Amino acid sequence: MKLKKVLSMILCGVLALTLLAGCGNSDGSSSSSEHGAAKTVNSSKEDVSEEHPSDLSGEVTFVSQNDQTGAVDEMIEEFNKLYPDVTVDHQVLPGSSDDVKKSLMVSLAAGDTDPDVFECDIIWVSQFGAAGWLMDLTDRLEASAEEYVAGPLSTCYYNDKAYAYPNYTDVGLLYYRTDLVDTPPADWDELVEMSKKYAGKDSAKYGYVFQMYQGEPTSCNMLEFIKQNGGTDLKEGAFAMNNENTKGALEFVRNLISEGISPEGVLSHKPDDTLSIFQAGDALFMRNWTYAYELSNADTSKVAGNVGVAPLPSGTNGEESSGTLGGWNYAINANTDAPEASVAFAEFMSSYEAQKISVLKRGTFPTNAALYEDQEVLADKPYLADIKEAAENAKPRPQVRDYSAISSIFQVYFHKALLGELTDDEALEQMDKELNEALAKQQ
Amino acid sequence: MKKFNSLKKSVRDNIVGYTMILPALLLLVIIGIVPIIITVSYSFQYKVLTDPLNTHFVGLENYVSLLSSKQFWEALWNTVVFAALSMGIELVVGFTGALLMNSAKKFVGVIRTAVLIPWAIPGIIIAYMFSFMFNDQLGVVNQLLQIMHFINYPVSWLTNGPAAMLAVVLADTWKQFPYISLMIFAGLQTIPKDVYEAAQIDGAGRVATFWRITLPNLKQILLIVLLFRTMGAIRIFDIIFGITGGGPANATATLLFQAYKYLFGDMNFGLGSALSTIITILILICSFVYIKVLKTDD
């Protein structure tokens with residue numbers, strides 16, 4: 001009995017302590033950042049170097065995605081060499097892009113001053129910008145616009161205003177096994193032919209794996225297939241997707257599954273699931289984002305050293321390869337209490353030096369154009385040259401105010417058509433109707 | 001003070017009494033009632049957080065667009081299927097667990113603790129555990145079935161509507177049966193032993209004892225369990241979120257999951273609040289029916 005009492009008291013104590021710790025933490029950060037804001041009087045755009053560090057001060061809370069390579073920490077260290085008086089509180093939000101978004105939105109919608117700077121998925125910029133949650137960076141970004149690759153730069157804009165600095169870009173790519181395939185397939189027919197030749201044997205269980213989990217993966221992958229086949233999404237202010245190109249793409253995906261080239265489970269897979277299959281040596285081809293390159297070649301991967309990468313193949317009706325444009329930017333909270341320090345930090349993180357660390361350490365695709373010609377980078381990442389074409393041809397998802405409402409409609413109807421719950425005609429007709437209705441509400 | 005003392009004693013007691021419960025009452029109003037009123041008021045507005053300057057009153061428009069959308073009826077159907085399946089299975093498993101706990105002679109503590117473990121794990125963790133287990137390529141379920149030669153090829157559980165529903169129901173069962181077991185076990189303990197002894201003397205068999213004595217005595221407890229589980233099933237979210245994300249093709253998208261998508265995906269607080277209000281009304285109706293139907297005579 002006595003033991004129980006003691007135990008319960010300890011538990012209560014722990015509970016109380018965690019509560020206190022929680023309160024204490026937020027108190028501490030807010031007071032010190034106010035302190036910082038009061039001190040930030042220096043205007044930016046001064047020339048700082050390691051010999052002449054800036055005396056700008058303040059506290060910047062920076063939220064990034066999970067990074068296991070340590071690149072982000074190294075970038076922050078470099079920043080602190082230039083701005084020794086700015087404290088960067090680096091916080092990591094784990095999980096998928098959708099999970100990170102929801103955590104961030106809670107703070108932003110509430111008008112919190114933290115986080116000051118955060119990694120912002122390119123598809124959030126329009127939504128967050130329209131809501132007035134992001135600092136307007138138009139003048140600053142215009143000044144350095146020519147440094148960046150055009151495609152990713154355009155994702156920082158919404159309604160002709162810039163709301164973010166480019167971070168790294170991303171695109172859907174075709175990964176292939178160099179030990180089995182000499183030249184990657186250029187179109188769907190070749191993909192099917194090669195898959196039939198190798199898949200199902202010991203070398204690789206499946207031909208082609210991709211991601212169609214009901215969520216953003218479905219939208220990204222299916223729009224890719226459609227555009228490879230000459231189709232479109234939002235065109236001239238309206239969705240008209242009920243056509244042969246879209247139907248051909250749906251048919252192609254269904255055939256991949258029914259012929260056993262792709263497992264039925266692709267409709268429930270996320271990028272990490274796909275990567276695991278490829279790493280285990282069970283697939284000949286994989287569609288994935290750029291992050292998969294380093295991980296496919298990691299020590300834990302069975303196919304390390306045998307991974308090639310190429311633009312995605314083009315479809316029967318289409319002429320060019322098409323991958324969905326993804327990637328991340330750095331955005332600044334409109335309510336930040338350390339604006340000067342935050343701008344300096346975001347600007348640095350987007351700079352040539354910082355991006356170089358990111359490229360070398362975590363294998364991201366730079367948005368700074370000069371890095372594609374940097375000898376050191378090309379020597380370390382020769383594949384960057386191979387996929388420059390894919391990066392240049394990457395197609396953005398519909399750039400509308402509320403993309404997530406559009407994406408939910410895509411996901412449901414693509415799934416219904418692929419699972420045969422609706423015929424292609426029914427699904428696409430209803431999808432177009434709902435998409436245009438949703439679009440009209442956003443005008 | 002003098003004035004207060006001059007009041008009648010009953011009035012004085014009342015004032016003292018109300019003053020005493022005032023803090024608790026205030027707390028209840030602030031954290032319970034006010035948010036509900038705010039939610040209901042949002043449901044009559046166009047309120048999209050990403051379009052903050054355009055908030056305005058729209059009357060019943062949110063409700064009309066919900067009730068005329070296919071997604072709503074789909075989600076309602078999914079919720080009903082989920083609730084019926086999960087409660088049926090959970091009740092059977094839970095009852096079995098309770099009888100097991102009740103009849104255990106040895107290792108009583110171990111058995112009770114073992115039964116309670118799933119309940120102590122947060123729902124979202126259970127969801128991710130089950131999503132790994134049911135993964136077509138990497139999951140343990142397919143591996144076990146293949147080892148036992150029930151299947152030759154990996155089954156793709158989560159891309160087939162009914163199978164995906166079964167997966168989420170199983171995950172929910174695993175999480176919730178301890179609660180039911182515990183409640184029923186508590187009820188079993190309150191049934192006097194002499195009733196069973198009398199039945200034994202009268203020559204009643206095990207089955208008759210169960211139907212005539214155990215079940216009637218548990219009526220109250222079962223009512224409470226059913227009520228709580230119905231509410232829980234209508235509000236199911238974490239399991240769905242972690243395992244299927246509403247897929248495939250919305251086959252497991254329940255009402256609350258749909259509300260979550262409106263609220264936190266589209267930031268549409270008007271539509272999301274309208275759906276939340278409908279969910280609340282549904283729960284109220286269910287509670288009312290249960291209490292009416294299962295009302296005891298005494």
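Leu174(A) has Ala310(A) as its bridge partner in E12(A), where strands (E, at least two residues) and helices (H or I, at least four) are DSSP runs numbered from the N terminus. The model is predicted: local features need pLDDT of at least 70, side-chain atom pairs count only at pLDDT 80 or more, and totals for chains, interfaces and linings use all residues. Residues are numbered from 1 along each chain as its sequence is written, and chains are lettered from A and ligands numbered from 1 in the order in which they are written. Chain A contains 18 helices and 14 strands, and chain B contains 14 helices and two strands.

- Strand E7 (residues 173-177) of chain A is largely enclosed by the rest of the structure, because five of its five residues are buried.
- A residue is buried if 20 or more other C-beta atoms lie within 10 Å of its own, exposed if 12 or fewer, and partly exposed in between, with C-beta atoms placed from the backbone.
- Leu173(A), Tyr175(A) and Arg177(A) point one way from E7(A), while Leu174(A) and Tyr176(A) point the other way; all are buried.
- In a regular strand, side chains alternate between the two faces of the sheet.
- E7(A) pairs with strand E12 (residues 307-310) of chain A in the antiparallel sense over four bridges (two strands pair if DSSP finds at least two bridges between them).
- E7(A) is also joined to E11(A) by four bridges, and these two run antiparallel.
- The bridge partner of Tyr176(A) in E11(A) is Phe285(A).

**Nonpolar cores**

- The largest nonpolar core has 165 residues, of which Ala164(A), Tyr175(A), Ala331(A) and Phe345(A) touch the most other members.
- Such a core is a set of buried Ala, Val, Leu, Ile, Met, Phe, Trp, Tyr and Cys residues joined through C-beta atoms within 7 Å.
- A second, separate core of nine residues includes Ile180(B), Phe185(B), Leu218(B) and Val225(B).
- Not counting residues up to four places away in sequence, Tyr175(A) touches Phe278(A), Phe285(A), Met286(A), Asn288(A), Ala292(A), Ser296(A), Val307(A) and Val309(A).
- Two residues are in contact if their C-beta atoms, placed from the backbone, lie within 7 Å.

**Helix H7 of chain A**

- Trp188(A), Leu191(A), Val192(A), Met194(A) and Ser195(A) are the buried residues of helix H7 (residues 188-198) of chain A.
- Strand E8 (206-209), helix H9 (244-258) and strand E11 (283-288) of chain A are among the elements covering them.
- Gly200(A) follows H7(A) and has a positive phi, near 90 degrees.

**Backbone details in loops of chain A**

- The peptide bond from Asp114(A) to Pro115(A) is cis, with omega near -10 degrees.
- Pro115(A) sits in the loop between H3 and strand E3 (117-121) of chain A.
- Asn159(A), a residue other than glycine, has a positive phi near 50 degrees.
- Asn159(A) belongs to the loop between strand E4 (157-158) and strand E5 (161-162) of chain A, and counts as exposed because it has 9 C-beta neighbours inside 10 Å.
- Glu236(A), a residue other than glycine, has a positive phi near 50 degrees.
- Glu236(A) lies in the loop between strand E9 (234-235) and strand E10 (238-239) of chain A, and its 6 C-beta neighbours inside 10 Å make it count as exposed.

**Contact between the chains**

- Chain A contributes 28 residues to the contact and chain B contributes 21 residues.
- On the side of chain A that touches chain B, the elements giving two or more residues are helix H3 (97-109), helix H4 (125-130), helix H10 (271-279) and H17 of chain A.
- H17(A) supplies the largest share of that side, six residues.
- By class, the side of chain A that touches chain B has eleven nonpolar, ten polar and seven charged residues.
- Here Ala, Val, Leu, Ile, Met, Phe, Trp, Tyr, Cys and Pro count as nonpolar, Asp, Glu, Lys and Arg as charged, and the others, Gly among them, as polar.

**Chain-level figures**

- Of the 443 residues of chain A, 51% count as buried; in chain B, buried residues make up 33% of the 298 residues.
- Among contacts with a separation of 6 or more, residues 24 or more positions apart account for 75% in chain A and for 68% in chain B.
- The C-alpha trace of chain B spans about 75 × 55 × 30 Å along its principal axes.
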